[in-house]
Amino acid sequence: MPLPFEQLAAIRLGFGLSPQNNIPTDPAGLARSVSASGPEQDSITLDQVRQWHREGQLLSRDARNGTKDQQKADRSHRQNMRALFNTAVLRRFARAVDDPTGFGERLVWFWSDHFTVSGGSVYFNLMSDAFVQDAIRPHLTGRFADMMFAAETHPAMLRYLDQTSSIGPNSVLARQKPDKPGGLNENLAREMIELHSMGVGAEYTQADVEQLARLLTGLTYNPRQNTVFRARRAEPGADTVLGESYGGDGKASLGDIRAVIENLATQDATARHIARKMAVHFISDTPPDALIDRLAQVFRDTDGDLAAMNLALAESPELEQGFRTKMRQPFEFLVASMRSLGMTGAQVDGLKPAALRRHLLEPMAIMGQPWAAPDGPDGWSEAAEDWASPQGIAMRINWAMTSPSDLLAELPDPRNLLRDCLGDTASEAVTWAIPRAESRTEGVALVLASADFNRR
Amino acid sequence: MLTRRLFLKSTALIGCSAAASPLMSSAAFASAPGENRLVVIILRGAMDGIDAFQPYGDRNLADLRKTLSLGPDHGATDLDGFFALHPGLSDLMPLWQAGQMAFAPAVSTPYRDKRSHFDGQNMLEAGTGTDLHLDDQQDGWLNRMLQAMPGQTSETAYSVGVEKMLILQGAAKAKSWTPDATLALSSQAERLLMRMYHDDPLFREASEQALEIVSGLQTGPDPDKPQEEHIELARFAADRLNRDTRIASFSMAGWDTHSGQAGSLKRNLGRLADTILTLKQDLGRNWDTTTVMAMTEFGRTARENGAAGTDHGTGGAMLVAGGAVRGGQVMGEWPGLGESDLYDGRDLMPLRDIRAYAAWAMHAKFGIDKTLLEGSIFPDLDMGSDPRMLA
């Protein structure tokens, strides 16, 4: 018997079923639901982070060898920043818990991972949240080229991929200060082609990377300046990327960078690279070629219209194949668990900092996914084996045993939980085991620790 | 993907978070005027009463039990020439001899037939009859009794731990306490997990080591404090009962012995005996006014199954102990184990509603009116005649 679309959609494309959500029953409705995942109303903005960063730099400078009051002011500023970051992280969980399907918030996660940036200092932690708000959320149903431009030119990315240290060797700045160390840094240019657009197997050369790196000079982040482009850092002259020449005439500008991104974003290789990544993330670690071909075709036909891609994914007959061959990543596991337990986003928002650490961030790190800190710019692994390590599974079991009763006033009946979160999809072994648990606590733990629940 | 360094760090972190995490079982406390004390222990998972109190004088027992419940010739201690005490409970023999321990061999709640742990425990703690839908059982009988007690203060009740005690939930205020002990995944839960993971190669492969990591947490990060959870619960309960608290309740898991019952039941009965003896020791003179009732959601099949265990049944046993108890006696009748004696042809026939014992104890020791007991506290209960459980 085929599964009802809403169960298939919620489990494969969303964060799973929940006792209260109201999932669209057809692909078009599901694709439309993504528009609810736009930027947060009063989210942290880039300008704010810039301002806070500047204030923080000044406070830290004063605190060094400063008075007790100055040191206190510095500490209290940092504390405020950490509190803001906690709130922002809770929002990420809360929106995913509240999203009726979870498809929109899964896409937020997917694209934030495609354009990986990491935090680090408290300001760059905040910046990494602003990145999601500024570069990812506004473009979930827009053009890929626009998302790519927003991502590549965002301070979080500029800093993460070392663009802030790339200076044209013949730029005004280099000529004015010849003793200052610096020069080209190819990191961003390389990842723009290799990871973010065409993919490592595509037909481009080292020369393309070098030329792109020269073209990108001028992009930088400085909290004292409210622009990301400084012409005086830019290498003069034309640069040729993939056979197209940019920036030959006049002053270097952000316009040239937009133009090259526009070109990269609409390459055939990019269509195929993005199609494959979406198929791998949402459908299977080894997706069928037919699916990749179809998604790539949609990408090409629409010049990278992500709304069309979302719909194509929702309409894929492959949703039914390879059911539960993917593992839920730790973030997904935690969100899916809280949804299944009937928690609301408001309850998640209300978690105290200690609870955020104990129930979400620490477990997530032990499961292998420390918040905003993947190993490299290629983001989180997709392979199920990587998430099914003994210590990862031990942590999932441990979480399932202890956290639900701390998070909830009352645990659900495990049989209701089973029905609410697995619908018609529970395997025989799980259906058999749950009523045999000795207590509610263990029954709830078994549902959430089951392979059924941990896969999608 | 995980480096060895991260693995070690992670393992250590699990250890730490387990120290902070609450427990499987729970305790609940209430204070009340007077000197009488009531402790209710919920045995989650359905204790096999036939094995705990072995009716070796019943000629049908040997046919039903091939490797279990073999009577005084196999380590059990004779009690009265008909019943013998399971070796796991042998530490309680002095209490039996001193007239401070008794048991009812064939009791049950009004719950019948579906034999679900969750429903059975709900009904046991809610104290209701079959007329109320299980989902509507939102408060427990100890709480309703509190509401009926004159002079009960706002400082009265504790409800503790991961396993929320429905028995003390309700309108009367309750406080909670979680002992600083460690997490325990019951062997039943481990078995069910292994079964669920069996068909999934990734999970099957990882699960053995994963369960080792989880069970490694059970010893706790602090080797100087190896105190077991049930002892912690009993210590804390006794400490409170020595002050203003008069009613305490907690639960112990691990009684669902579908296979290998000989080992696991002995271990759990030993824990129960330790718990009772810890209460006695720490209560000191207050033990004289204390009644401990150990209740379980239902009994187990009269016949041993193919895995040297027993399955979910109906009639079960209740154990009572304390200085306030008229001990050294078997309470109520024995239904027999003949084919036609059994409930549904498989389970021990319950002869009395377990709530009647609780109601009589509350009537005798806390002066609760019988109409209240048969009305709002235990809806539709017929208390029947006094079982003379208390001294």
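How many residue pairs are in polar contact between domain 1 of chain A and domain 2 of chain A? In this predicted model, the count is nine residue pairs, both residues at pLDDT 80 or more. Across that interface, zero salt bridges are found.

The domain assignment of chain A gives domain 1 as 1–142 + 267–456 and domain 2 as 158–265. Their centres, taken over C-alpha atoms, are separated by 32 Å. The contact involves 21 residues from domain 1 of chain A and 22 residues from domain 2 of chain A. On the domain 1 side, R50(A), Q267(A) and P377(A) lose the most area to domain 2 of chain A, together 34% of what that side buries. Helices α3 (46–63), α6 (122–136) and α13 (268–282) of chain A each supply at least two residues of this side. By class, the side has eight nonpolar, ten polar and three charged residues.

Chain A also touches chain B: 48 residues of chain A are in contact with 48 residues of chain B.

| Interface | Buried area | Share on carbon and sulfur atoms |
|---|---|---|
| Domain 1 of chain A and domain 2 of chain A | about 1,900 Å² | 56% |
| Chain A and chain B | about 4,400 Å² | 66% |

In chain A, I366(A), Q391(A) and E438(A) lose the most area to chain B, together 16% of what that side buries. Two salt bridges are counted between the chains. R455(A) forms a salt bridge with D200(B), with the closest N and O atoms 2.5 Å apart. Helix α20(A) gives the largest share of the chain A side, eleven residues. That side divides into 24 nonpolar, twelve polar and twelve charged residues.

How values were computed:
Residues are numbered from 1 along each chain as its sequence is written. Chains are lettered from A and ligands numbered from 1 in the order in which they are written. This is a predicted model: local features need pLDDT of at least 70, side-chain atom pairs count only at pLDDT 80 or more; totals for chains, interfaces and linings use all residues. Side-chain values use heavy atoms; hydrogens and water are left out. Domain bounds come from an automatic or database domain assignment. Contact means heavy atoms within 4.5 Å. Buried area is the accessible area (1.4 Å probe) that two parts lose on being put together, summed over both. A salt bridge is a side-chain nitrogen of Lys or Arg within 4 Å of a carboxyl oxygen of Asp or Glu. A polar contact is a pair of N or O atoms within 3.5 Å; within protein, one must be able to donate a hydrogen and the other to accept it, and residues adjacent in sequence count only if both atoms are side-chain atoms. Helices (H or I, at least four residues) and strands (E, at least two) are DSSP runs, numbered from the N terminus. Ala, Val, Leu, Ile, Met, Phe, Trp, Tyr, Cys and Pro count as nonpolar, Asp, Glu, Lys and Arg as charged, and the others, Gly among them, as polar.
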